[in-house]
Structure formats: structure tokens, C-alpha cells
Amino acid sequence: MRAPLQQIETSGELPQSADAVVIGGGIVGVFAAYYLARRGMKVALVEKGRIGAEQSSRNWGWCRQQNRDARELPMATCSLDLWQRFAAETGEDTGFRRCGLLYLSNDEAELAGWARWRDFAKTAGITTHMLDSVEASERGRTTGRTWRGGVFSPTDGTADPSRAAPAVARAILELGGTVHQNCAARGIETEGGSLSGVVTESGTIRTKAAILAGGAWASSFCHQFGFRFPQASVRSSILSVSPGAEGLPAALHTARISVTRRGDGGYTLAISGRGRVDVTPQQLRFSSQFLPMFLKRWRSLAPGGLQGMRSGHETLQRWRLDRPTPMERVRILDPVPDQATIRLTHARALELLPALRQTRISAAWAGYIDSTPDGVPAIGEIHTVPGFFLAAGFSGHGFGIGPGAGHLVADLVTGSEPIVDAKSYDPRRFEASAWGKVADF
């Protein structure tokens, strides 16, 4: 069974023009469109498949500051406030709540790393509590184990991946924007070197500003007009179980398994960082840039198969704007989950949390987590095409920081004061021979 996702009715006829066009209806794309629409701009959002159908509905739902890389922490902090504010502004329910996130460990090195992050977080005004063995064992009492220590971050929380992006899309419509499902963007047009339009399968929208929030498809789209954006994807497999387990933490991470309560009372189960690398032309093209990340995370990764090659999201093919593209042949990336990972994940969860034996597997799915070489997203204007902005490469963190990323994009498009310093996210950093260290978390 696929990851659950709310369906929504969206706009019909494509507008001939717009103040801004957003390409991609994942969590970053919908929030970018929402914040542009709130500023009175005429916005059109085009999505090749369904709103939120790819990684935005296939993640854990965590919205966290805890253990964020220093470059992402300011955006994570403002995103928590924006998640909360969105509900008050719109009346829409994304399932967001500050339930707190619990980390447990019996590894002294891991605990020491969390303590170092705690010390750093204090300088940024972030509250996080290191737990001693007694405190960790009490908070983790449903495991029936004694723990050396842990962390509890009380102001962090979760949102519901099955309904968050659709909820934001509805808010865009309420503000007068248009949202178009099953409408792939094929490319862009320029006049005098600047953006002048977005070409879709249903026609061209004249515009002076466009945002590419295309997730795992972003690099292949950029390749069409000669912009080199290093991006690679890992296939991650997770599952959900039915309601029935009582007394479990709302969100729990351990080295062996992570567990998140879903909006329906069931739980999402996953092994953090575990994934398969499906070979693609793009993987090979950017392999040297991703070597530092691979060396840091190779223990969690395993060779994959040809699913990525067949899906076409990491193709080096150049396509014509008057013919169907790979995005129309594969409306939704829906890779087959790795069954060995699903079995291992479920077994580990039942071993750690016996209460889960009262549940059954309700769904299992996979998704492609797109990443940049340094694990930090690319957000900013592509200076070779003025008016064209990139917001991609969120490296598995996009859902939680989606509101902040969308707000930042809207700031850059409108020339407003950025909600956070945009320097760390500038896509031009990949043009240098060294782009900085790989993100720790």
C-alpha cells in the first residue's frame, strides 16, 4: 500500500499570465506559493501529479530544531513558529503540534555528540534537555529498558505528511491563487536573458518570476537550460502500523529504530538514514561531488537497482517543450520499497516497543530523498536566468523546514528582508571547488 495522502480538488483552466509561477506541489512549493499569495501576488502553482504525492507525504513528519546543522537551525526555528501560525491564519489543520521529540541512546559517543549540540544550541536560544540514565529510562519506560541517557526537545514537534501539503494548497486557493494538478512544467522561456514564461503541458504562463521546487526532479529540469545543479537521491523505505499501541512517545528516535505517532493514532516506523542508492546517469555525473557525503554515511547505504533509471527523474536527457517529458510518463515517483528493510524495521520496532505487537502493518512505501553534496538545500535565484529561483535539495529535511523555506523564497522573489540569512543556501556555492562540510544531521 502507498503512503496515505488526502486528495483535493484544484483549479481548472491554466491562466495566461501570473506574477509568479511555482513548479512543484510538495511542501516547499505550496508554502512558497502561499506566502507569495499572502502578499497579494497572482500566483499559479503547477504540479505534474498530485499535491504532496512524493516525498512530502512519504516522510516521518518531524518538525525539529534538535540536532540541526548550524546552517539550517535558524530556518528550523522560524519554521516551527510558521507551522503554528499557519493554522491560526487559515483555519487549516496540518496536524502540527509541539509534542516534543525524544532521543534515547546507550552509546557514550552519541550522547557526547548530543551534548555538544546542546551547548551550541544554547548560544542560539534553543531549549533542549539532556537526560541522565534515570530520566531517559523513565521517559523511555515503554521500551522496558535501561538507557544511559538521551535528549528531550520540548518545543519541537510533528505535522501530518498525509494532509499538510493539501491543506496549504487549499489556503492558496482561498487567497485567489490557482493550483493545477496533473500539469507538468516542461521548461522555461526567456526574453533578453531573463525569465519570461513557464511552458507546461497545458500551455505557457507568461511570468517574470518562477520558483522550481521540484524535489528529486530539480536537477534534470535545470539541465534543460544548461544550469548545473548537483543533486542525487537515495531510496528510503518506511512503513506504518495501525492504531492500538498505547502509551508510546509521540516521536522517538534510537539508533536502531525511530517511531512517530500518526494523526490516525497509528505509527510510522523507520530506520534513520538507511537507504538504497539506485544507479542513474545523474548519480554517475555527480559522483565525485558526493564522495565526501558517501564516505560519511556509507554504513547506512546499500547498492540499489534500476528503479531510478526507469523512473527518469535523474536523466541527462534533453527533452523538447512540445513533446511529453519524463515527468508526464511518471506523474508520481512511487518506487518499490525494499522488503528486507521493511521486515527489519518492523522487527526492530516490535523488539523495542512490545506495545506495537497489538498493531498490524497498514502500509509500506518508499520515496526518493534528494540531497545536495553538503546536505544543505539550495535556495536562491539562478543568476544565469534572472527571475528563476531554485528551492531544492532538502536532503530529507524539507518537510519540517518547509514553511521557512517557502517564506524565504517569497522574500527573495519580492525583494523583502529575508526571514533568515540566505547566504548558506545560495546555489552558487556549488560552482566553487569546495562547498563546505557535509551536514552533521
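**Exercise 1.** Is Phe-388 buried or exposed, and what is its relative accessible area?

*Solution.* This is a predicted model, where local features need pLDDT of at least 70, side-chain atom pairs count only at pLDDT 80 or more, and totals for chains, interfaces and linings use all residues. Residues are numbered from 1 along each chain as its sequence is written, and side-chain values use heavy atoms, leaving out hydrogens and water.

Start with the cut-offs: buried is under 20% relative accessible area, exposed over 50%, partly exposed in between (1.4 Å probe, protein chains only). Phe-388 comes out at 0%, so call it buried.

**Exercise 2.** Classify the ring pair Trp-62 and Tyr-103, and say where each residue sits.

*Solution.* Rings of Phe, Tyr and Trp (its six-membered ring) pair if their centres lie within 6.5 Å; planes under 30 degrees apart are stacked, over 60 edge-to-face, the rest tilted. The search of the whole structure turns up 15 aromatic pairs. For Trp-62 and Tyr-103, the centres are 6.0 Å apart and the planes at 75 degrees, so it's edge-to-face. Next, placement: Trp-62 is in strand β3 (residues 62-63) and Tyr-103 in strand β4 (residues 101-105), 41 residues apart. Strands are DSSP runs of E, at least two residues; helices are runs of H or I, at least four; both are numbered from the N terminus. Finally, Trp-62 and Tyr-103 are both buried.

**Exercise 3.** Now do Phe-221 and Phe-388.

*Solution.* With 6.4 Å centre to centre and 5 degrees between the planes, this pair is stacked. Phe-221 belongs to helix α6 (residues 218-223), Phe-388 to strand β21 (residues 388-392), 167 residues apart. Phe-221 is buried too, at 2% relative accessible area.
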